[in-house]
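I would ask you to keep the sequence and the model in view as I speak.

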Amino acid sequence: MKRYTIAALALLAASAPLEAQQTAPANARPTNILAEPPDAPPPKNNPPGPYAVTIEANPGLPTHTIYRPTDLTPFKGDSTLPIVSWGNGACANAGRLFEVFLTQVASHGYFVISIGPKDAPLPAFASNRDRGESGERREPLPASKDHQLIDAIDWALKENERKESPYYQRLDSERIAVMGQSCGGLQTIAVSSDPRIKTSVLWNSGTFPSGADSLATRLSSAKKEDLAKLHAPIAYFIGGPTDIAYPQAEDDFKKINQVPVFKGNINVGHGGTFRHPGAGWFGEVGVAWLDWQLKGDAKAAKYFVGKDCTLCTNPLWHVEKKGID
């Protein structure tokens, strides 16, 4: 497969009008730069959830990395773990690329499966070095594929039924989410028509129309027309007008009418807050969305429901929604 620049790997852009609530400054331009804008809000120190987390590889799914509560004994009967399948930004094949964020999600009682082996080298944009413990250079793996999000779900459901598995009857086959950042968000859209999926979440991402020629459309099969296949609630969390995915997400929101859709923007740029303590603002809203959609948590719902919802009344967030009271 061809190798591309990091800037190109992050590229997700198109055009759409800005919402009235968030008028972009005259000098604001969407960019794939991962650093936060100079006027970004202060970092939020987001506390972890109640469960210690284990990050592990499993020989039955060596292409992925698992984030899950260390102690699985509480998760049985009516308290099994919802499943979250994750796609990385840049369609990177590295299971620890979003370690802070995915650990935060798992600490709230989720079984998270990230595309990418646990010991895969991180892309250059995430690390100053890509050398193993031996000091020898390790080449990054080829870009991940859309179907790997479904591979993770298929494997987890089989493990839930396999009596010898440590996850036997610990996972909830009825509560499944797919999520991804940037190119991983495109992968999310590509598989969201799967009837087992109960919610989808896109981070710093949005789709392209059929026929668009860009790196993103070469890495993922997702296209604008796939939005019509959505059957479950979806959320977009975007980094504001300087996020290169901002125009695409705006356009996606306008086109989605058949399912509940929430869109929240905060001025943190394309890199989000994934590396802040507890993943910061993104960690907070991501867990809240999952808690509402997969666990029916009424407190979490208040982040999104009502004219006075938590994000609606927070001046740092700019919100639009459809099909959500």
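This is a predicted model: local features need pLDDT of at least 70, side-chain atom pairs count only at pLDDT 80 or more; totals for chains, interfaces and linings use all residues.

A search of the whole structure finds 15 salt bridges, a salt bridge being a side-chain nitrogen of Lys or Arg within 4 Å of a carboxyl oxygen of Asp or Glu. Residues are numbered from 1 along each chain as its sequence is written, and side-chain values use heavy atoms, with hydrogens and water left out.

Let me take three of these pairs in turn. Lys44 forms a salt bridge with Glu284, and their closest N and O atoms are 3.7 Å apart. This pair links distant parts of the chain: Lys44 is in the loop between helix H1 (6-9) and S1, Glu284 is in helix H7, and 240 residues separate them. Helices here are DSSP runs of H or I with at least four residues, strands are runs of E with at least two, and both are numbered from the N terminus. Lys44 counts as partly exposed because its relative accessibility is 23%, while Glu284, at 18%, counts as buried. The cut-offs are under 20% relative accessible area for buried, over 50% for exposed, and partly exposed in between, with a 1.4 Å probe and protein chains only.

The second pair is Arg196 and Asp154, whose closest N and O atoms are 2.8 Å apart in a salt bridge. Arg196 lies in the loop between helix H4 (183-191) and S6, and Asp154 in helix H3 (residues 147-161), so the pair ties together parts that are 42 residues apart in sequence. Arg196 counts as partly exposed at 26% relative accessibility, and Asp154 counts as partly exposed at 28%.

Lys224 lies in the loop between helix H5 (215-219) and S7, and Asp251 in helix H6, so parts that are 27 residues apart in sequence are tied together. Are these two residues, Lys224 and Asp251, buried or exposed? Both Lys224 and Asp251 are buried. Salt bridges with shared partners join Lys224, Asp251, Asp252 and Lys255 into one network.

I turn now to the sheet. In what order do its nine strands run? The open sheet has the order S1-S2-S4-S3-S5-S6-S7-S8-S9, with mixed pairing; two strands pair if DSSP finds at least two bridges between them. At the edges are strand S1 (53-56) and strand S9 (317-322), each of which pairs on one side only. From one strand to the next, the twist averages 15°. Helix H2 (residues 99-106) packs on the sheet, touching S1, strand S2 (64-69), strand S3 (81-87), strand S4 (111-115), S5 and S6, and its direction makes about 40° with that of S2. Such angles run from 0 to 180 degrees between N-to-C directions, the axes being lines fitted to C-alpha atoms, for helices over the stretch in contact.

Within S2, six of its six residues are buried. S1 and S2 run antiparallel, joined by four bridges, and the partner of Val53 in S2 is Pro69. S2 and S4 also pair in the antiparallel sense, over four bridges, and His64 stands opposite Ile115 in S4. By contrast, strand S5 (residues 171-181) and strand S6 (residues 199-203) pair in the parallel sense over five bridges, with Leu202 in S6 as the bridge partner of Gly180.

The largest nonpolar core has 42 residues, of which Phe101, Trp203, Phe237, Phe262, Leu311 and Trp317 touch the most other members. Such a core is a set of buried Ala, Val, Leu, Ile, Met, Phe, Trp, Tyr and Cys residues joined through side-chain atoms within 4.5 Å. The largest share, eight residues, comes from H7. A second, separate core of 22 residues includes Leu81, Ile115, Trp155 and Ile197.

Asp243 counts as buried because its relative accessibility is 0%. Its side chain makes a polar contact of 2.8 Å with the side chain of Asn204, a polar contact being a pair of N or O atoms within 3.5 Å; within protein, one must be able to donate a hydrogen and the other to accept it, and residues adjacent in sequence count only if both atoms are side-chain atoms. A polar atom of the Asp243 side chain also lies 2.9 Å from the backbone nitrogen of Gly239.

Note on methods. Contact means heavy atoms within 4.5 Å.
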